[in-house]
Amino acid sequence: MIYSSPYPLPYEPEIPALKAFEHVQGVHIKLHTQKSYKKLYLEADIQEKGETYLFQQTAKGAHDFEWTAPYGQYNAGSVAFNGTYVIRDENGKVLHTLKNVSEDQVLRGDTLKIQF
């Protein structure tokens, strides 16, 4: 997919900046909880203009959640991600921190299983 920015290239004001996105499998995060939850959030802090991405998931049953996360450890240009995902409940409480998700895991479509 190619995204055409509404902003021009810094050195060519008549030409819009383009961003190319590749299709990735995404790392599959499967979570089983002892406690029952209706909804949980997977959070990724992408260091590009200080943006935080939240991936919402409603329970499959009361204890099982699944996300497909599109980002792994990455640092190029103005974009940086340390590979850390945080799982939060509906009140924002941190329930689990998943560290060092790699770009290779995302590209291969690996499955990560978590229980707490």
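## Burial and the place of Gln-57

A residue counts as buried when its relative accessible area is under 20%, as exposed when that area is over 50%, and as partly exposed in between. In this predicted model, Gln-57 has a relative accessibility of 19% and therefore counts as buried. Gln-57 belongs to strand S5, which covers residues 51-58.

The surroundings of Gln-57 come from two stretches of the chain. Apart from neighbours within four places in sequence, Gln-57 is in contact with Lys-38, Lys-39 and Leu-40, and also with Phe-65, Glu-66 and Trp-67. With Glu-66 there is a polar approach as well: the side chain of Gln-57 reaches the backbone oxygen of that residue at 2.3 Å.

## Overall organisation and confidence

The chain contains eleven strands and one helix. In sequence order the elements follow the pattern β-β-β-β-β-β-β-β-β-β-α-β. Of the 116 residues, 32% are buried. Among contacts between residues at least 6 apart in sequence, 54% join residues at least 24 apart.

The mean pLDDT of the chain is 85, and 88% of the residues score at least 70.

In soluble globular proteins, nonpolar side chains tend to be buried together. Here the largest nonpolar core comprises 22 residues, and Ile-29, Leu-40, Trp-67 and Tyr-85 have the most contacts inside it. Two or more residues each are supplied by strands S3 (27-32), S4 (39-46), S6 (64-69), S9 (85-88), S10 (94-98) and S11. The greatest contribution is that of S4, with four residues.

S6 runs antiparallel to S3, and six bridges join the two strands. Within this pairing, Ile-29 stands opposite Trp-67; both residues are among those with the most contacts inside the core.

Tyr-85, another of these core residues, has contacts in several parts of the sequence. Beyond its neighbours within four places, Tyr-85 touches Leu-42, Glu-43, Ala-44, Phe-55, Ala-69, Pro-70 and Tyr-71, together with His-96, Thr-97, Leu-98 and Val-101.

## Salt bridges

Side chains of opposite charge can pair when their charged atoms come close. The whole structure holds two salt bridges. One of them joins the side chains of Arg-88 and Glu-43, with an N to O distance of 2.8 Å. This pair links distant parts of the chain, since Arg-88 lies in strand S9 and Glu-43 in strand S4, 45 residues apart. Glu-43 has a relative accessibility of 15% and so counts as buried, whereas Arg-88, at 22%, counts as partly exposed.

The other salt bridge is formed by Arg-108 and Asp-110, whose closest N and O atoms are 2.7 Å apart. Arg-108 is exposed because its relative accessibility is 54%. Asp-110, at 21%, counts as partly exposed.

Asn-100 is located in the loop between S10 and helix H1 (103-108). Most residues other than glycine have a negative phi. Asn-100, although not a glycine, has a positive phi of about 60°. With a relative accessible area of 52%, Asn-100 is exposed.

Lys-60 occupies the loop between S5 and S6 and counts as partly exposed at 46% relative accessibility. Between Lys-60 and Tyr-37 the separation is 23 residues in sequence and 9.9 Å in space, C-alpha to C-alpha. At 43% relative accessibility, Pro-8 counts as partly exposed. Leaving aside neighbours within four places in sequence, the contacts of Pro-8 are with Pro-13, Ile-15, Pro-16 and Ala-17.

Definitions and conventions:
Residues numbered from 1 in each chain as written. Predicted model: local features only at pLDDT ≥ 70, side-chain atom pairs only at ≥ 80, totals over all residues. Heavy atoms only, no water. pLDDT = per-residue confidence, 0-100. Core = buried A, V, L, I, M, F, W, Y, C linked by side-chain atoms within 4.5 Å. Buried < 20%, exposed > 50% of the residue type's maximum accessible area, 1.4 Å probe, protein only. Contact = heavy atoms within 4.5 Å. Pairing = 2+ DSSP bridges. Polar contact = N/O pair within 3.5 Å; in protein donor to acceptor, adjacent residues only side chain to side chain. Salt bridge = Lys/Arg side-chain N within 4 Å of Asp/Glu carboxyl O.
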